[in-house]
Every structure is written in structure tokens, then in C-alpha cells.
Amino acid sequence: MSFNQGLTHSEKAYNQFTDTSSLFTKIVMEDFLFTWQWWFGIALFFIPWITWFVLRNKESSGRLLLGGLLTITLSLTIDLVALSSGLWSYPMVIVPLAPFLFLPYHFSLAPVGIMFALQIKPNMNSFLKGVIFSAIAAFLGMNFFNVIDFYNPKSWSTLYDFCIFLLLYYAAYFIVKLESFKRINN
């Protein structure tokens, strides 16, 4: 295959992707919009952040937000790889634009959950805390979302979700614990 043929195939794939995105937009607008599931999904975007803003450790907000940002980045990356590989899917689409990206798991539940876990009992054994957080997120959270059709694990094991949440927790934990933060103007 030549480079030009690759460009032609790539453009064809993008056109199919655009058609798929249009189909998701139609599904949201005609089938999901204003259902209780849609409202629940919208609430999952905002309620965790409002709760965190009220209950956060204000002296550590910057560090915690950095851990949350890393969580968003990593969870999006992992999800895009898994979705494009067909490992799992999200049948319930909440936002019609970029339906695989704008999910409450990436932008709200995972980062806020990890930020809360990091600030609660900061001197507790980090491994134990990571295991507890990951178990709650994977075995309760992901199974709950599977039951209400927000998540389809296909043949993906919940134990793998547990490992992913543990990875996300520890990535945020290590960045939040960095001691190399100084003000730029010093």
C-alpha cells in the first residue's frame, strides 16, 4: 500500500467516524434526552464537583486538582484505547458531541473520587486506601453502571477495572505527594 492509498483510507475512516458521531447525536436527541438516565448522567457531571468544592481541603486544593487533572488525562487515554479496541462500551450517551469523551466517569466521578480519597485520612496506609477506593469504584461503581446500562463491560473483568482504578489512584497519589512545588515568583 502506498502513502496516498493510506491517506485515502484514512479519509474514508474519518467519514465513517463522522457518520457514527452523527448517529450518536441522533440517538441522544431522539432517545435519551430528558430521560431519568440522561438527567442522572448530567447530575453525575456536576454534583461531585459541587460536593468537592464545598468539602475539599482548601489548603491542598492546588495539589488535589493536579491529581484530578492527571486522573482525567489517564482515564481518557485508557478509555480511548479500550473503546477503540472494543473491550467495553458506554451504551448510554449523555453529551452528543464526542460521545466517547464527555462522560461523567472521566471528568467528574474518577477525579473527584480520587481527590476525596487522597484528602481523607492523609496519613493512612496508601496501599490500603488505594485498595479500598479501587474496590468501591470497580466492584460497586462499575457494576452499578453496568446494571443501569451506562457501561457494558462485554467480557472485561471487574478485576481489571479494579487494577485500572488502583493505577489511577497511585498516579494521582504520587503527583499530589511531590515536594517540589514552589511558587513561580519566589
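My notes on helix packing follow.

**Starting point.** I am working with a predicted model.

**Helix α3.** I began with the span of α3, residues 61-85. Next I listed the buried residues of α3: S61, L64, G67, G68, T71, I72, S75, L76, D79, A82 and L83. I then asked which helices these buried residues pack against. They pack against α2 (36-55), α4 and α6 (158-176). Just after α3, I found G86 with a positive phi of about 75°.

**Helices α4 and α5.** I turned to α4 (residues 104-119) and α5 (residues 126-147), whose axes come within 10 Å and cross at roughly 150°. Angles over 145 degrees count as roughly antiparallel, so I wrote down α4 as roughly antiparallel to α5. The crossing is right-handed. On the α4 side I noted Y105, L109, G113, I114, A117 and L118, which meet K129, F133 and F145 of α5. By class, the residues of this contact are seven nonpolar, one polar and one charged.

**Residue S126.** My last stop was S126, which lies in helix α5. Is S126 buried or exposed? Its relative accessibility is 17%, and the cut-off for buried is under 20%, so S126 counts as buried. Leaving out residues up to four places away in sequence, I found that S126 touches Y169, Y170 and Y173.

Conventions
Residues numbered from 1 in each chain as written. Predicted model: local features only at pLDDT ≥ 70, side-chain atom pairs only at ≥ 80, totals over all residues. Heavy atoms only, no water. Axes fitted to C-alpha atoms, helices over the stretch in contact; angles between N-to-C directions. Helix = DSSP H or I, 4+ residues; strand = E, 2+ residues; numbered from the N terminus. Parallel < 35°, antiparallel > 145°, perpendicular 65-115°, else oblique. Left-handed = near helix turned anticlockwise from the far one by under 90°. Contact = heavy atoms within 4.5 Å. Nonpolar A, V, L, I, M, F, W, Y, C, P; charged D, E, K, R; others polar. Buried < 20%, exposed > 50% of the residue type's maximum accessible area, 1.4 Å probe, protein only. Expected span 1.5 Å × (residues − 1).
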